[in-house]
Amino acid sequence: MATFSQEQSSLLPTSTKSGKTPNGSEKVLDVWVDKKMPLLWRDVVYGNDSIFKELFEYQKRWLKTLIDDKTSFVEVGCGTCEMGATLFQQARYTVHIDINPSFLDLAKELHPDLAECPTNYFVQGESSESIKTALEGVMPQEFWSTKRVVCMFMNTLGLVDSAGSLQRMLELAGPTGTVIAGCWHSESFELGVREFYGRNPIFCGDINDPSTIIDVPNANMIIRSTDYETHWFSAEELRAFVDEKVYDVKTQVVSVGIFLIISAKKDAANTAEC
């Protein structure tokens, strides 16, 4: 696992936020420093009874059609590397980036074949500068000649500087690559509050606390007792993060999720290849 110095550290925060937690810790990160919480998160989010199950199964099938032995897969905010574990055998390189070492350590235990693969990289980092610059000191030269599919899934986009993060991902993808942001869809927000947050207070706090604000029309929730916030995205919001004069931009709704798909316009990509 590569760990960057302060100067090199230029990756994105993923699943953390300052504030109290359901068990009274000072920061959300505090309850994720061992493997118990990431493992529980994995079981709840990817389990057979999860409202995200259909979304994740589609995501796996779809990504497999985009990745081949000339393509590299990069996931920012990778968690336990569930996507990469299904793709590493067909990708030229896989790169898994997360702020939380507990997620990365657990990923190695859960997916030993992935961990042992010489073309797979685990990267821990936490600031918000250029991802490309950080990886230049880590990845082999061949990586930069591959087509790069750079992804951020499971609504991680709502936990970071959304527009800035997308721009840094586009920088890494380059003119021939693709950026995919998988978010949770605003039209499914009410279902998410009831079936995910309501049933799993350990992750966010009690939604029935009198101080909790649940704004269904705008797909926002703030649980003041734990300082937990979440937002689910509409297609219009996601498109607004990207300059459509420069990039080809698509959105696709699947189950409770929505994907933002970005690539350089074809004329720009063709020019870069010349």
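Predicted model: local features only at pLDDT ≥ 70, side-chain atom pairs only at ≥ 80, totals over all residues.
Me: How many of the residues of strand S6 (residues 178–184) are buried?
Reply: On one side of S6 lie Thr 178, Ile 180, Gly 182 and Trp 184, and on the other lie Val 179, Ala 181 and Cys 183, all of them buried, so that both faces are covered. The strand is therefore largely enclosed by the rest of the structure, and the count of buried residues is 7 of the 7.

Me: Which residue of S6 is the bridge partner of Cys 151, and what is the handedness of the crossover from S5 to S6?
Reply: Strand S5 (residues 147–152) runs parallel to S6 and is joined to it by 4 bridges. In S6, the partner of Cys 151 is Ile 180. Between the two strands the chain passes through helix H7 (residues 162–173), and this β-α-β crossover is right-handed.

Me: Do S6 and strand S11 (residues 257–264) pair in the parallel or the antiparallel sense, and which residue of S11 is the bridge partner of Cys 183?
Reply: Over 7 bridges, S6 and S11 pair in the antiparallel sense. For Cys 183, the bridge partner in S11 is Ile 258.

Me: Within what arc do the buried residues of helix H1 (residues 36–46) fall, seen down its axis?
Reply: The buried residues in H1 are Met 37, Pro 38, Val 45 and Tyr 46. They line one face of the helix, because the arc within which they fall, seen down the axis of H1, is 130°.

Me: Which residues have the most contacts inside the largest nonpolar core?
Reply: This core has 36 residues, and the elements that give two or more residues to it are H1, H2, S5, S6, H8, H9, strand S8 (220–223) and S11. Apart from it lies another core, of 32 residues, among them Met 152, Met 169, Leu 170 and Val 242. In the largest core, the residues with the most contacts are Phe 52, Leu 63, Phe 153, Ile 180 and Tyr 197.

Me: How many residues apart in sequence are the parts that the pair of Tyr 58 and Phe 259 ties together?
Reply: Among the 20 aromatic pairs of the structure, that of Tyr 58 and Phe 259 is tilted, with 6.2 Å centre to centre and 40° between the planes. Phe 259 counts as buried, at 1% relative accessibility. Because Tyr 58 lies in helix H2 and Phe 259 in strand S11, the parts tied together are apart in sequence by 201 residues.

Me: What kind of aromatic pair do Phe 233 and Phe 241 form?
Reply: Phe 233 is buried at 3% relative accessibility, whereas Phe 241 is partly exposed at 28%. Their ring centres lie 6.2 Å apart and their planes stand at 70°, which means that the pair is edge-to-face.

Me: Is Asn 155 buried or exposed, and what is its phi?
Reply: Asn 155 lies in the loop between S5 and H7, and with a relative accessible area of 5% it is buried. Most residues other than glycine have a negative phi. Asn 155 is not a glycine, yet its phi is positive, at about 65°.

Definitions and conventions. Residues numbered from 1 in each chain as written. Heavy atoms only, no water. Buried < 20%, exposed > 50% of the residue type's maximum accessible area, 1.4 Å probe, protein only. Pairing = 2+ DSSP bridges. Right-handed = clockwise from strand over helix to strand, strands pointing away. Arc of directions from axis to C-beta. Core = buried A, V, L, I, M, F, W, Y, C linked by side-chain atoms within 4.5 Å. Phe/Tyr/Trp six-rings, centres within 6.5 Å; stacked < 30°, edge-to-face > 60°.
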